[in-house]
Each structure stands twice: as structure tokens, then as C-alpha cells.
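Have a look at the sequence and the structure, then read on.

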Amino acid sequence: MKKIAIVGMGPRGTSLLERMITYIENSKDKVNISFLFFEKNKEFGSGCHKKDLPKGLLANTIASQITMFYGDEMESFGPVKSGPCFYEWHTQIKKQPIGESDYPSRSVLGEYLNYFYDFQINRLKKLGISFFEINEEVIDIDSSFGRASIKTKNDNYKVDSITICSGHEDMEVRNDRVFDFVFSTEKMHEIPSGSEVGIQGMGLTAFDVISSLTEGRGGEFVASSDGGLEYIASGNEPFLNIFSRSGIFLSSRAYNANTSFIYKPIVFKTESIEYMKKIKGKLDFELDVLPLLITELQIAYMQQGGEGALDTDYFFHPEKKLDFNDEKKFVESFCSLLKLDYSQSLDGKFENPYKFCQDVVRDLRDVIRVATDYSALNPESHKVLINKWQPIINKICVGPPYLRLMQLEALIKAGLCSVSTAANPTVLKTENGFKLVQKFNNDKKEKNIDYLIKARMPTINFNERKDTLVNNLKEKFRFFNNGGFQYGGLDIDSQHRVIDINGEPCENFHAIGLSSEGPKYFTLVLGRPGMVSTFLMDSNFLANKIYLDVLSSKENVVS
Ligand SMILES: Cc1cc2nc3c(=O)[nH]c(=O)nc-3n(C[C@H](O)[C@H](O)[C@H](O)COP(=O)(O)OP(=O)(O)OC[C@H]3O[C@@H](n4cnc5c(N)ncnc54)[C@H](O)[C@@H]3O)c2cc1C
């Protein structure tokens, strides 16, 4: 009997399982197989979107654009096994209304992911395939001697195939008055009301923190007469001071009246990138890829009725419009950019060519993947993409729902949130906390804060990780390194085989998702209905490979 192990039963692990079950179901051969699922959290399936997260933490994808199921659009790559996308599940199975373009809470997303996991477990039971749910942390993996092995604190397991999909680093560091790597917001209830809090970052995590320290403290956002929101304080809130390196928030996602629309590129196409790779070898993101993307954006802007040309300088660098003359002017410029951004989002994606172009970038991330995956960029340029352009791309197309920016405006108006030190202030340690120092051309602003919240997700870099599993993997397997540029997780080949320390691909050890970030670009995604998504493509490819590996060893096939 072949034993197949999956380490990390989050969305990636469960999607891989779904594909393997479908290959087994569709095969005329009966395989003698048994599954071992390793998951350190008590919930299997939901991964980082745990069902008990506070309700105020939102996903950044709309309800109708999330799926775990392998639908008809994927047919040419593998056997279809359709099922409800998140929106269909919410309305038809959970039987609760939700808008197609509503942003669900991550806890409800966790429920959907858990439902998908249970769905697979029921299929396994029907097929009579044995499986073991091992609710323990994996601390070591070895693949060198015939059968591979997995070590947890309590046991050792010998298996035939291991796939690691360990996802996000689940670390929270609380060091007196500093909260770092905030993954959920549970610990924040310890921050007393009335204290001054610095929130570093203006992305999704920061908005989660803001929500938990305001709505989560009993406050309420209500519609105001000017079309915006008003905040009714509970009196339990601390005072917030937000800041980030660029001084600008992630741009909000526009209202989407046609959620199944996927932009079809004219010039920034997979074929164009493949052709360039063929004639040039390694590509340069800024010289070869970006100009094509910009041309595509100009076309999209024009087709969508944009006036003149798209101002790409503003599109990529809205922070350049911040006015650093003095504190008053700075705050005014910040607030007017905030209002402009959410007003454009309220227009709707199809009514506002600028917002339309932001979603074009999101729809075309797969083309960037073709230009990047498996070290297709030269090392220097790969570094430029990850360190310089990735934050810009995130700012454009993985931002929060527009409601979050409206809420931020309401908090500023209510005097509960200051943006006076928003643009990369110097952070000085004081006796009782920190001081933020923001310099303007004509004055400066200093603000004492009691607590510092670093509202950021850990960057994916196995070289910097401290957890036992990654440290043990380092001894035996190669971490990704493109000609000296190191970031991400394990090095894999195009068949998802992990490369060992001697440069040889392992036949019985594969990596998928964030564990393979580096060789793969931007693995932090779920499936999208109607789209050939990289999430489903990767699971399908790997499941087929593992299944064929099983079939190829005759003793595992029962005729
Ligand atoms: C705050 C936040 C918001 C997000 N919002 C969205 C969104 O709206 N839409 C979207 O598409 N994506 C979103 N993402 C991206 C996210 O990457 C995917 O949604 C998805 O969770 C990735 O699945 P995964 O299985 O790769 O990783 P994870 O969800 O992190 O799951 C990995 C699993 O592996 C387990 N594990 C890890 N190490 C071990 C070990 N040593 N032993 C045993 N088990 C282990 C973990 O407990 C976990 O359950 C968001 C991510 C974050 C952090």
C-alpha cells in the first residue's frame, strides 16, 4: 500500500487532496492507497482563515471570485469536479444572503474552506480509501532513503510521498509594548482605551487592526449625510496613529457590477512573454515586461473611455501627490487622496477607467507569473520585482474593500485617528513607549505613542525563519536562490519536486503554495471561478503526477 502524506491541510493541501481523489475516481484502476494529513491547528481545511477569527477581519476577494472547486474552465487540464464557489455556498448551502461583490469575513471564508475539506473526507469514505488526520506539528521531513519520513513531536511516519504546503508563517510576537507580525487581532484587547497606538502599515493587516480597535471595541460606523460614514465611538477605543513607508494606503477595490468579467489582454499576453523568453533567455522586468504591461493598461484605459492617457506615474506612485509643505497641508493631501480613491471605487470598476485598470493588473497577474516563475527573470531584476514592484502591485490590486477607506476617513474626522505622522516617520524608543517624528519642509510633528503595532505579514523567506521544521529542512534541501537573490521557500523544479542540498530533485517530496514561493511567483491566492487559476493548475498538475507515480509501481494497483 502506498502512503501519501500532505503536510499542512489549509486550502492548498485540501485542493491537492480534491484533485487526487478526482484522479482516483476517474481511473479504471483501483489503487491501494492511504492518506496521512498533518495539520497543527485543530481545524482542518481553513488554513490561515480560522473560523474563530473576529468577524471584522475581511477577505480582500469578493464572494463570487473565490472558489475551491475545479470547474469547467479547467477542463482541458484535468477532470472536472464542479461545486459551489464561495458565493453559491453562502447563498445556497449556508442559506444566508450575500452580494456577489461583497467582501466576506475571513472567519466565514474559513467555514467554506472547512466545508470543502469535509466534502473531500466524505468522498474518501465513499471510496473506502483509508486516511489519518494527524493533528500535530511536523518538525522534520526526510526524503533521502527510499521511503520518505515525517517527524512530529510524538511520532515518526514512513510514507511514500510527501507534499509540503505549510502556507503562512503563523507567528505573533508580543514584546512588552510592541505587537509584531499581527496575524489575527486577538491579543489586542490588552491595549487600554485612551492609550496612543502607532500602527505601522496601511495594508490589509492594518485595516484589520483598525477594525478590531474600533468596531471590535463596540464602536459603530453609520451612514453620514455627506454620503460617507460617521463613527460613533464607544469610549473604549485607543487613539490611532497610522503610518507606512510610502505614506499612502493600499488603493481600495472598486464596486464590481460584473464579477465574472475577466480582462482579455491584447499585448500583455502569455504568448508574448513566452516568445520573449525564447529569443532573449532571461528577462528583465522593467525593460521587457513592464513596458508591455503599461501598453496594455493604456489600451484598457482608452477602451474603457478614459480621457487622454492613463497617468502611469500617479497610477504606480500616488504617494507623489502628498504635500510635504507642512503638517496641515500633508493631512489635507492625505485626506483628499483617500476621498478620491474611495469615490472612484464607489463609481464602480466599469464606470471608472482608472479603477478598471487596477483590476486589469489583478486579472493579468498570471502573465507576470509566466515572466517570473522558475527564475525566468535575471537575478537583479527578480530582486527589483520583489522588493520594488511587488509592493506597488499590491498597492494597486490587493487593497481593501472601499468601505475600509471610508471607515478610515470617519475615524480621522472623529479625532480617533491621526495621519500627521503617516509618511515614514522616525520611530524613537522612549522610556515609556515610542516617539514618532515626522519632518515636513516647514515644520515637524512629534507624537508619543504607548504601543507600536507592526501591522504586516511576515515576508516569505525560509532563510530568516526560526521554526523547527524550516530549520531542519535547511540541512537537507535547497532554499530558493536565483543567482544570489534569496527569498521565498523551497527550491522546486517544474514538476514541484523539491531540490535537495546536492541539487537533485526528490522523487518523493514535493512543495506547493507558499512553501514554493520563489520558484513560483505570488502563491498567496485561492481559485477563481471562470478563470484558469494558478491555484487550481498547480494542484491539478501535482495530483496527477503523484497519482501516476503510484500507478507506476505495480504492487499498488489492485486489478
Ligand atoms: C490576512 C490574510 C488575508 C488573505 N485574504 C485572501 C483573500 O481574500 N483571497 C485570497 O485568495 N487569498 C487571501 N489570502 C492569501 C492566502 O494565502 C490564501 O487565501 C490561502 O490561505 C493559502 O492557503 P495555503 O494552504 O497555502 O496556506 P495557509 O492558509 O497558511 O494554510 C497552511 C496550513 O498548514 C498548516 N501548517 C503549517 N506548518 C505546519 C506544520 N509544520 N505541521 C502541520 N501543519 C502545518 C497550518 O496550520 C495551516 O493550516 C490571505 C492571507 C492572509 C494572511
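Lys-388 pairs up with Glu-286 in a salt bridge, with their closest N and O atoms 2.7 Å apart (a salt bridge is a side-chain nitrogen of Lys or Arg within 4 Å of a carboxyl oxygen of Asp or Glu). That pair links distant parts of the chain, with Lys-388 in helix H11 and Glu-286 in helix H6 (residues 285-303), 102 residues apart. This is a predicted model, where local features need pLDDT of at least 70 and side-chain atom pairs count only at pLDDT 80 or more, while totals for chains, interfaces and linings use all residues. Residues are numbered from 1 along each chain as its sequence is written, and side-chain values use heavy atoms, leaving out hydrogens and water.

**Salt bridges**

- The structure holds 35 salt bridges.
- Lys-388 counts as partly exposed at 40% relative accessibility, and Glu-286 is partly exposed too, at 31% (buried means under 20% relative accessible area, exposed over 50%, partly exposed in between, with a 1.4 Å probe and protein chains only).
- Glu-196 and Lys-447 meet through their side chains in a salt bridge (3.4 Å, N to O).
- Glu-196 sits in strand S11 (residues 196-200) and Lys-447 in strand S18 (residues 444-449), so this pair ties together parts that are 251 residues apart in sequence.
- Glu-196 is buried, with a relative accessible area of 18%, and Lys-447 is buried with 18%.

**Cavities**

- There are four cavities of 30 Å³ or more (on a 1 Å grid over the protein atoms alone, a cavity is a set of points where a 1.4 Å probe fits but cannot get out, and lining residues have an atom within 4 Å of a point).
- The largest cavity has a volume of about 130 Å³, volume being the space filled by probe spheres set on the points.
- Of its 15 lining residues, the closest to the centre of the largest cavity are Ser-251, Tyr-314, Pro-318, Asp-341 and Tyr-354.

- Lys-95 has a positive phi of about 55° although it is not a glycine, and Lys-95 is exposed, with a relative accessible area of 64%.
- Phe-522 also isn't a glycine, yet has a positive phi of about 50°; at 10% relative accessibility, Phe-522 counts as buried.

Conventions
1 Å grid on protein atoms, 1.4 Å probe; cavity = no way out; pocket = protein on both sides within 12 Å on 5 of 7 lines; lining within 4 Å. Helix = DSSP H or I, 4+ residues; strand = E, 2+ residues; numbered from the N terminus.
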